[in-house]
Amino acid sequence: MRIHIATDHAGLEFSRKLQDYLTDKGHVVVNHGPTEYDPLDDYPAFCINAGRAVVADRRAGTEALGVVFGGSGNGEQIAANKVEGVRAALVWNLSTAELARDHNDANVISIGARQHSYDDVIAFIDAFIAHPFSGDERHARRIAQIAEYEQTGDIVGKGVDH
């Protein structure tokens with residue numbers, strides 16, 4: 001699996017350790033930045049680039065997921081979710097990592113590096129990678145509605161206010 005990673009300065013050390021861990025597990029890891037510590041860095045482009053790469057890989061038939069980090073993970077999730085086709089979920093425990101895939105077919109997760117231990121982060125990411133989308137009709141229907149809104153600004157027949 002190809003794993004795209006991005007962070008801000010708060011998640012840089014986690015990102016470096018994670019890249020080694022994932023590579024050792026046989027994944028192809030692509031780092032979208034930053035490459036050095038800068039306490040004033042701007043994370044949005046890093047996270048957007050990771051999200052764009054995940055979507056491009058998946059559309060090309062390459063199995064890919066993304067992981068973005070920040071102090072809380074909130075801003076990084078928001079940035080990644082601005083990319084059409086990204087479904088980024090904020091993960092804070094094993095259940096949210098699994099449900100992100102099971103119910104939402106999330107293709108990117110965001111984790112707060114200042115909120116969790118390294119061992120917890122590894123467990124969340126392993127669960128995210130290993131847990132498949134359930135494919136349940138209700139979940140697929142809802143994901144399709146989100147994609148429809150993302151592409152058209154409407155969900156036909158669902159009462160989206162204009």
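Tutor: Buried means under 20% relative accessible area, exposed means over 50%, and partly exposed lies in between (1.4 Å probe, protein chains only). This is a predicted model, where local features need pLDDT of at least 70 and side-chain atom pairs count only at pLDDT 80 or more, while totals for chains, interfaces and linings use all residues. Residues are numbered from 1 along each chain as its sequence is written, and side-chain values use heavy atoms, with hydrogens and water left out.

Student: In which helix is Ala127 found?

Tutor: Ala127 is part of helix H5. Helices (H or I, at least four residues) and strands (E, at least two) are DSSP runs, numbered from the N terminus.

Student: Which residues is Ala127 in contact with, leaving aside its neighbours within four places in sequence?

Tutor: Contact means heavy atoms within 4.5 Å. With those neighbours within four places set aside, Ala127 contacts Leu94, Ala97 and Glu98. Take Glu98 as an example: Ala127 and Glu98 are 29 residues apart along the chain, yet their C-alpha atoms are separated by 6.0 Å.

Student: Which residues of helix H4 are buried?

Tutor: H4 covers residues 94-102, and its buried residues are Thr96, Ala97, Ala100, Arg101 and Asp102. The cover over these buried residues includes strand E3 (64-70), strand E4 (88-90), helix H5 (118-130) and helix H6 (137-152).

Student: What caps the N-terminal end of H4?

Tutor: Asn93 does: one of its side-chain oxygens lies 3.1 Å from the backbone nitrogen of Ser95. For such polar contacts, look for a pair of N or O atoms within 3.5 Å; within protein, one must be able to donate a hydrogen and the other to accept it, and residues adjacent in sequence count only if both atoms are side-chain atoms.

Student: At what angle do H4 and H5 pack?

Tutor: Two packed helices are described by the angle between their axes and the distance between the axes. H4 and H5 pack at an angle of about 25 degrees, and their axes are 8 Å apart. That makes H4 roughly parallel to H5. On the H4 side, the contact is made by Leu94, Ala97, Glu98 and Arg101; on the H5 side, by Ala123, Phe124, Ala127 and Phe128. Axes are lines fitted to C-alpha atoms, for helices over the stretch in contact, and angles run from 0 to 180 degrees between N-to-C directions.

Student: How do H1 and H5 cross, and at roughly what angle?

Tutor: Helix H1 spans residues 12-24; the axes of H1 and H5 come within 11 Å and cross at roughly 50 degrees. H1 and H5 are therefore oblique to each other. Under 35 degrees counts as roughly parallel, over 145 as roughly antiparallel, 65 to 115 as roughly perpendicular, and the rest as oblique. In this contact, H1 supplies Phe14, Lys17, Leu18, Tyr21 and Leu22, while H5 supplies Tyr118, Val121, Ile122, Ile125, Asp126 and Ile129.

Student: Let's stay with H1. Is Gln19 buried or exposed?

Tutor: Gln19, which is found in helix H1, is buried, because its relative accessible area is 17%. Apart from neighbours within four places in sequence, Gln19 is in contact with Ile5, Val29 and Asn31. Asn31 belongs to strand E2 (residues 28-31) and counts as partly exposed, at 32% relative accessibility. Its side chain reaches the backbone nitrogen of Gly33 at 2.9 Å.

Student: What kind of peptide bond joins Gly33 and Pro34?

Tutor: Most residues other than glycine have a negative phi, and most peptide bonds are trans. Gly33 and Pro34 are joined by a cis peptide bond, with omega about 0 degrees. Pro34 lies in the loop between E2 and helix H2 (44-59).

Student: Which residue other than glycine has a phi near 45 degrees?

Tutor: That is Asp105, where phi is positive. Asp105 is in the loop between H4 and strand E5 (108-112), and it is buried, with a relative accessible area of 15%.

Student: Finally, what does His139 touch, not counting residues up to four places away in sequence?

Tutor: With those residues left out, His139 touches Asp102, His103, Phe133 and Ser134. His139 lies in helix H6 and counts as buried at 4% relative accessibility. The side chains of His139 and Arg138 are joined by a polar contact of 3.4 Å.
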